[in-house]
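Hello,

Here is the structure I promised to pass on to you. Have a look at it first, and then read on for what turned up in it.

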Amino acid sequence: MGKVIAITGKGGTGKTAVTAIIIRSLLKRDKKTTILAIDADPDANLADALGDEVEMTVGDIREEIQDSRISMPPDYDKKQFFAAKIFEALLEKDGYDLLVMGRSEGSGCYCYLNSLLKGIMDETIDDYDLVLVDSPAGLEHLSRKTISEVDSLIVVTDESRRGLKTAETIRQLADELDLKYGNLYVIANKVHDLSKDQILKVAGGLGLKVIGMIPYDENVARLDLVGDPLVGLPDDSPAVVEVEEQIIKEIGL
């Protein structure tokens, strides 16, 4: 089984941007590594950051299953039906596959769907060297235990003390949920030079390990503003350099 890495943090810190830049860096270095990227955030921005167009999400499949319950024969294998639909929704790209959870448009919860999805994920993640989960804030998706174990839980924060306190809260929540994870790391994003020492001081006081501090990057801001994919960042972009030379090494990639 390959590595499973979940990236989380409070809204607006740049979780999706960090995920996309990690994927960009890994693809540039070695396309032999098989990657499954899961966009678990209901806002579903990872595809845009990667320059991909997604036609079907897990939320869409949920609605289809809900709508077909009346007409589906009682003896029909629902898991087999769902598995087939999941592979329809799996977007296969050069060097990685992408699965988007999306949001549910109808009433009801994902409970039954997540039960099926967990079984399928347990069977399929062995096919990948790396699974990257772009998680919503608050570990809501991981709390459903869709993926049984996480090697590294990465909390993306801004340079504020409040952001680092959020990282501590996420660690506490992960422990309360009895989430099985190997390491918890912090990545500070959109950082200015004058803040670096303070970030390390506050993080150290909270017992948090900072594995990277991504500088505020005009290139990222510009691409975000016009809606262009972040895979188009130049190689000398400060965010790219920090991810390639520091962060992916710390994670063990």
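**Some residues to look up first**

At 56% relative accessibility, Asp 178 is classed as exposed, because the cut-off for that word is over 50%. Please keep in mind that this is a predicted model. You will find Asp 178 in the loop between α7 and β7. Its backbone is worth a look too: the phi of Asp 178 is positive, about 55°, although Asp 178 is not a glycine.

Lys 190 is another residue other than glycine with a positive phi, in this case near 60°. Lys 190 belongs to strand β7. With 38% relative accessibility, Lys 190 counts as partly exposed, because that class lies between the cut-offs of 20% and 50%.

**The chain as a whole**

The protein chain has 253 residues, and 51% of them count as buried. Its secondary structure comes to 10 helices and eight strands. The chain exposes about 12100 Å², of which carbon and sulfur atoms supply 47%.

How do contacts relate to distance along the sequence? Among contacts between residues at least 6 apart in sequence, 80% join residues that are at least 24 apart.

Which residues touch the most other members of the largest nonpolar core? They are Ile 38 and Val 131, in a core of 41 residues. Leaving out residues up to four places away in sequence, Val 131 touches Lys 3, Val 4, Ile 5, Leu 36, Ile 38, Ile 125 and Ile 147. Apart from this core lies another one, of 38 residues, which includes Val 18, Ile 35, Leu 46 and Ile 211.

Helix α8 covers residues 196-205, and Ile 199, Val 202 and Ala 203 are buried in it. Why do these three sit on the same side of α8? They cover an arc of only 100° around the axis, so they share one side of the helix. The face turned away from that buried side carries the exposed residues Asp 197, Lys 201, Gly 204 and Gly 205.

What covers the buried residues of α8? The cover includes α7 (161-176), β7 (180-191) and β8 (209-215). In α7 you can pick out Lys 165, which is partly exposed with a relative accessible area of 39%. From Lys 165 to Ala 203 is 38 residues in sequence, while their C-alpha atoms are 8.6 Å apart in space. After α8 comes Gly 207, which has a positive phi, near 75°.

**The largest pocket**

The largest pocket holds about 600 Å³ of space. It is lined by 30 residues, and the closest to its centre are Gly 14, Thr 16, Ala 17, Asp 224 and Leu 230. Which elements supply at least two residues each to this lining? These are α1 (15-29), α2 (46-50), β7, β8 and α9 (218-226). The most comes from α1, with five residues.

Arg 144 is in the loop between α6 (140-143) and β6 (149-157). Is Arg 144 buried or partly exposed? Its relative accessibility is 31%, so Arg 144 counts as partly exposed. Arg 144 and Leu 179 are 35 residues apart in sequence, and their C-alpha atoms are 9.8 Å apart in space.

Pro 238 is found in helix α10, which covers residues 238-251. At 34% relative accessibility, Pro 238 is partly exposed as well. For Pro 238 and Asn 219, which are 19 residues apart along the chain, the C-alpha atoms are separated by 8.5 Å.

Enjoy exploring the structure, and write back with any questions.

Best wishes

Definitions and conventions:
Residues numbered from 1 in each chain as written. Predicted model: local features only at pLDDT ≥ 70, side-chain atom pairs only at ≥ 80, totals over all residues. Heavy atoms only, no water. Core = buried A, V, L, I, M, F, W, Y, C linked by side-chain atoms within 4.5 Å. Buried < 20%, exposed > 50% of the residue type's maximum accessible area, 1.4 Å probe, protein only. Contact = heavy atoms within 4.5 Å. Helix = DSSP H or I, 4+ residues; strand = E, 2+ residues; numbered from the N terminus. Areas by Shrake-Rupley, 256 points an atom, 1.4 Å probe, with all protein chains shown as cover. Arc of directions from axis to C-beta. 1 Å grid on protein atoms, 1.4 Å probe; cavity = no way out; pocket = protein on both sides within 12 Å on 5 of 7 lines; lining within 4 Å. Points joined across faces, edges and corners; volume = space filled by probe spheres on them.
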